[in-house]
Amino acid sequence: MIATNIYFINKLDRGRGQIQNGIRRSPNKWTEEDQKLFQLVSIYGEKKWKRISAEIGGQKTSAQCTQHWKCVLSPDIRKGPWDEDEEELLLRLVNQHGSSWKKIAKRICKRIDIQCRYQYLKSLQSREIAWVPKEDEVLVKKVDEMGENLSWLEVSEYLAKLKHTNTLRTALECKTRYLQLTGKGGSILPPLNQSNVSSLNSSSANSFNQQLQYQQLMNN
């Protein structure tokens with residue numbers, strides 16, 4: 001079941017071009033309208049969506065305008081990779097609430113439900129793939145080099161560039177692995193709740209529209 005999630009994340013990580021050039025295309029894809037939506041929201045605020053829809057054109061409905069703003073363009077959304085504290089909180093919340101992503105997102109500052117879901121999937125992917133000796137060696141060396149300027153996000157990004165495995169190690173996993181290797185602490189990763197893993201595979205959030213929303217979030 002987890003293999004399905006790994007395949008799905010790898011498909012997303014190949015970038016927006018994969019979606020654009022594939023067989024399936026969104027009939028209401030947002031591109032040039034983004035800037036216009038920004039301008040109209042700054043004029044009318046986040047309530048007059050019918051007025052915004054009428055002015056934006058392109059056959060965009062008020063519901064589509066609302067969703068695209070709240071799920072992709074809103075400056076209130078924190079974009080980019082998750083740090084170790086965010087991810088640890090996410091994992092603990094998933095163990096408490098299962099796949100109630102909207103409930104979980106309310107507890108994580110400036111992240112929305114789509115981001116929470118796919119960050120959890122990425123965490124599953126990373127934890128399923130064993131660390132190789134070269135990764136361990138580079139991890140310890142990089143952390144020691146950074147010293148007081150240590151950033152687990154930077155360590156994660158550094159490992160990703162080296163491509164010793166076909167997975168992206170999250171900041172939290174890098175921190176956990178380092179503590180294990182150096183004997184400075186046990187695992188700080190909460191145990192996986194297998195019922196949550198199963199629910200991800202059957203979730204309707206695998207829809208093409210939500211895949212596209214997530215990819216737009218990562219590229220904006």
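Me: Why does Glu-33 count as buried in this predicted model?
Reply: The relative accessibility of Glu-33 is 11%. The term buried applies under 20%, so Glu-33 at 11% counts as buried.

Me: What makes Lys-60 and Glu-33 a salt bridge?
Reply: The closest N and O atoms of Lys-60 and Glu-33 are 3.2 Å apart. The cut-off for a salt bridge is 4 Å, so the distance of 3.2 Å meets the definition. Lys-60 is found in the loop between α4 and α5, whereas Glu-33 belongs to helix α3, so the pair ties together parts that are 27 residues apart in sequence.

Me: Is Lys-60 buried or exposed, and how is that known?
Reply: Lys-60 has a relative accessibility of 6%. As buried means under 20%, Lys-60 therefore counts as buried.

Me: What is the distance behind the salt bridge of Lys-134 and Glu-137?
Reply: Their closest N and O atoms are 3.9 Å apart, which lies within the limit of 4 Å. Both residues belong to helix α9, three residues apart, or about one turn of the helix. In general, an α-helix has 3.6 residues a turn, so residues three or four places apart point the same way.

Me: Why is Lys-134 called partly exposed?
Reply: The relative accessible area of Lys-134 is 40%. Buried requires under 20% and exposed over 50%. The value of 40% falls in between, so Lys-134 is partly exposed.

Me: What makes Glu-173 and Arg-169 a salt bridge?
Reply: The closest N and O atoms of Glu-173 and Arg-169 are 3.3 Å apart, and the definition asks for a distance within 4 Å. Glu-173 and Arg-169 are both buried. In the whole structure, eleven salt bridges are found.

Me: Which residues of helix α4 are buried?
Reply: In helix α4, which covers residues 49-56, the buried residues are Trp-49, Ile-52, Ser-53 and Ile-56. They span an arc of only 100° around the axis, which means that they lie on the same side of α4. Exposed residues Lys-50 and Ala-54 are carried by the face turned away from that buried side. Among the elements that cover the buried residues of α4 are α3 (33-44) and α5 (62-73). Just after α4, Gly-57 has a positive phi of about 70°.

Me: Why is the pair of Trp-101 and Tyr-120 described as it is, given its angle?
Reply: Three aromatic pairs are found in the whole structure. In the pair of Trp-101 and Tyr-120, the ring centres are 6.0 Å apart and the planes meet at 50°. The centres must lie within 6.5 Å, and planes under 30 degrees apart count as stacked, over 60 as edge-to-face and the rest as tilted. The angle of 50° therefore makes this pair tilted. Trp-101 belongs to helix α7 (residues 101-105) and Tyr-120 to helix α8 (residues 113-128), so the pair ties together parts that are 19 residues apart in sequence. Trp-101 and Tyr-120 are buried.

Me: What are the distance and angle of the aromatic pair formed by Trp-152 and Tyr-178?
Reply: The centres of Trp-152 and Tyr-178 are 5.8 Å apart, and with 55° between the planes the pair is tilted. The pair links distant parts of the chain, with Trp-152 in helix α10 (residues 152-162) and Tyr-178 in helix α11 (residues 171-182), 26 residues apart.

Me: Why are Trp-152 and Tyr-178 called buried?
Reply: Trp-152 has a relative accessible area of 9%, and Tyr-178 has one of 7%. The limit for buried is under 20%, so Trp-152 and Tyr-178 both qualify.

Me: What makes Thr-167 a buried residue?
Reply: Thr-167 lies in the loop between α10 and α11. Its relative accessible area is 6%, and buried means under 20%, so Thr-167 is buried. Apart from neighbours within four places in sequence, Thr-167 is in contact with Gln-125, Ser-126 and Ile-129.

Me: How confident is the predictor about the chain?
Reply: The mean pLDDT of the chain is 78, and 71% of its residues reach 70 or more. Over residues 1-27 the pLDDT is below 50, although this stretch has 47 contacts in the model beyond near neighbours in sequence.

How values were computed: Residues numbered from 1 in each chain as written. Predicted model: local features only at pLDDT ≥ 70, side-chain atom pairs only at ≥ 80, totals over all residues. Heavy atoms only, no water. pLDDT = per-residue confidence, 0-100. Contact = heavy atoms within 4.5 Å. Buried < 20%, exposed > 50% of the residue type's maximum accessible area, 1.4 Å probe, protein only. Helix = DSSP H or I, 4+ residues; strand = E, 2+ residues; numbered from the N terminus. Arc of directions from axis to C-beta. Salt bridge = Lys/Arg side-chain N within 4 Å of Asp/Glu carboxyl O.
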